[in-house]
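Here is a walk through one protein model and the molecules it holds. Keep the sequence and the 3D view open as you read.

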Amino acid sequence: MNSKTAFITGITGQDGAYLAQHLLSQGYRVVGLSRRSSHYGLTSHRLDWLGITKDVELVEGDLLDAGGLARLFRFYRPDEVYNLAAQSFVTTSWQQPALTTQITALGVVNVLGALVQEIPKARFYQASSSEMYGLVQEPVQSETTPFYPRSPYAAAKIFGHWITVNYRESYNLFACSGILFNHESPLRGLEFVTRKVTHAVAQIKLGLAKELKLGNIDALRDWGHARDYVKAMHMMLQAERADDYVIATGKTTSVRDMARIAFEYVGLDMNEFLKIDPDLYRPAEVDLLLGDPSKAQRELGWAPVISLEEMIHEMVDADLVRLRKNEAGSNPMPLSSLYTKV
Ligand code: NDP
Ligand code: GDP
């Protein structure tokens, strides 16, 4: 039995839920930061889906409240801190750039500052992103590829990445930055393209919708499964020394082909249902992401296990189950107008 305590910011998000499940299976005590919400009980829907809500300790706090973070670190004295909290949706980052910067960039300083002050021996993981590569400077992106952000979200993540490196070098912290390429699952937010697609495919299959509107379907992404990727986060913090790693599959697929996999899985012809909506194009696009995970494979022994096809099938199946049960999270409010050029 492991006697370690892990502290996860963003535990109510996709990765936080899977990471909590993984750490619990390793015997950790898992404490998670959860923002106060008037929707009491609803914010734990991902932990509920995994059946682990009662196994984790949720504590109230916010990345913007540095004093509160220090108080929590002083009380729980975690061995490992995983900073997964962020305003994580690229489109929203153009609509709320200052808020995105406060949470996704300055929030990292708040966590690191509290860590230096209260638990400097704790190991720290920062959730960096392949979006930092943006307008890619090399056809395959590795730890040495220069960054070129294409959104306020990416610019904020670059700050989070470098401040993590800087605190490692300034304060001798065990601080790692995981540069994770897109990773998805049945717990992915409905606004992200894979889940938007699998949810719409399930709706169309059940006769609840007639079409799916997408923006740029030529964009290429290196998609992996969140269940595989959270294991890499944990492995980074078990290594002999702190370092930064690209986590990716090494394969890239267009949004069009990803959608085709989902439609074909339920026996539907994508061309009958897919419509292109120019309003869903972004002010600046990231056309291609393709990661080189060889450093993580070599030094951590990490490799992805779940294929894109298996993942999309799992996501469609989960959306069919949720829609049939009419569960929370399966019938979103019509937010699409918020994600267009307003
Ligand atoms: P989600 O959007 O699913 O989860 C984000 C989490 O952050 C939620 O728990 C959210 O809480 C929390 N949060 C947001 N703002 C605050 C705040 N001010 N204080 C405290 N908590 C806050 O993201 P993912 O799980 O997909 O991603 C995890 C991390 O990895 C993020 O930092 C993301 O940017 C990064 N990343 C993700 C990739 C991916 O493909 N999924 C790729 C690369 C990086 P609430 O539930 O209250 O909204
Ligand atoms: P991102 O890589 O973090 O921005 O992840 P997303 O899942 O939000 O977007 C992946 C790619 O899908 C981007 O290139 C988007 O422009 C493209 N895309 C095309 N249509 C849509 C859509 O309707 N919604 C979203 N979220 N993305 C879309």
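A pocket here is an open set of grid points where a 1.4 Å probe fits, with protein on both sides within 12 Å along at least five of seven lines. Its volume is the space filled by probe spheres set on those points. The model is a predicted one.

Start with the second largest pocket. It holds about 280 Å³ of space. Its lining counts 14 residues, and S34, Y40, G41, T43 and L58 are the closest to its centre. Strand β3, residues 57–60, contributes the most to this lining, with three residues. By class, the lining has seven polar, four nonpolar and three charged residues.

Now turn to ligand 1. Around it stand 23 residues, and T12, R35, D62, S88 and Y153 come nearest. S88 places a polar side-chain atom 2.6 Å from an oxygen atom of ligand 1. The backbone takes part too: a polar backbone atom of D15 is 2.8 Å from an oxygen atom of ligand 1. At L63, a backbone N or O atom lies 2.9 Å from a nitrogen atom of the ligand. On its own, ligand 1 has 900 Å² of accessible area, and the protein covers 89% of that. The shell around ligand 1 splits into nine nonpolar, nine polar and five charged residues.

Ligand 2 comes next. How many residues surround ligand 2? There are 18, and the closest are E131, K196, G215, R282 and E285. In E285, a side-chain N or O atom is 2.6 Å from an oxygen atom of ligand 2. In K196, a polar side-chain atom lies 2.7 Å from an oxygen atom of ligand 2. E191 uses its backbone instead, with an N or O atom 2.9 Å from a nitrogen atom of the ligand. Taken alone, ligand 2 exposes 530 Å², and the protein buries 96% of that.

Where do the residues around ligand 2 come from? Domain 1 (5–184 + 224–247) and domain 2 (193–221 + 252–287 + 307–338) each provide at least three residues of the shell. Helix α7 (193–205) and strand β8 (212–214) each supply at least two. By class, this shell has eight nonpolar, seven charged and three polar residues.

Conventions. Residues numbered from 1 in each chain as written. Chains lettered and ligands numbered in written order. Predicted model: local features only at pLDDT ≥ 70, side-chain atom pairs only at ≥ 80, totals over all residues. Heavy atoms only, no water. 1 Å grid on protein atoms, 1.4 Å probe; cavity = no way out; pocket = protein on both sides within 12 Å on 5 of 7 lines; lining within 4 Å. Helix = DSSP H or I, 4+ residues; strand = E, 2+ residues; numbered from the N terminus. Nonpolar A, V, L, I, M, F, W, Y, C, P; charged D, E, K, R; others polar. Near = heavy atom within 4 Å. Polar contact = N/O pair within 3.5 Å; in protein donor to acceptor, adjacent residues only side chain to side chain. Areas by Shrake-Rupley, 256 points an atom, 1.4 Å probe, with all protein chains shown as cover. Domains from an automatic or database assignment.
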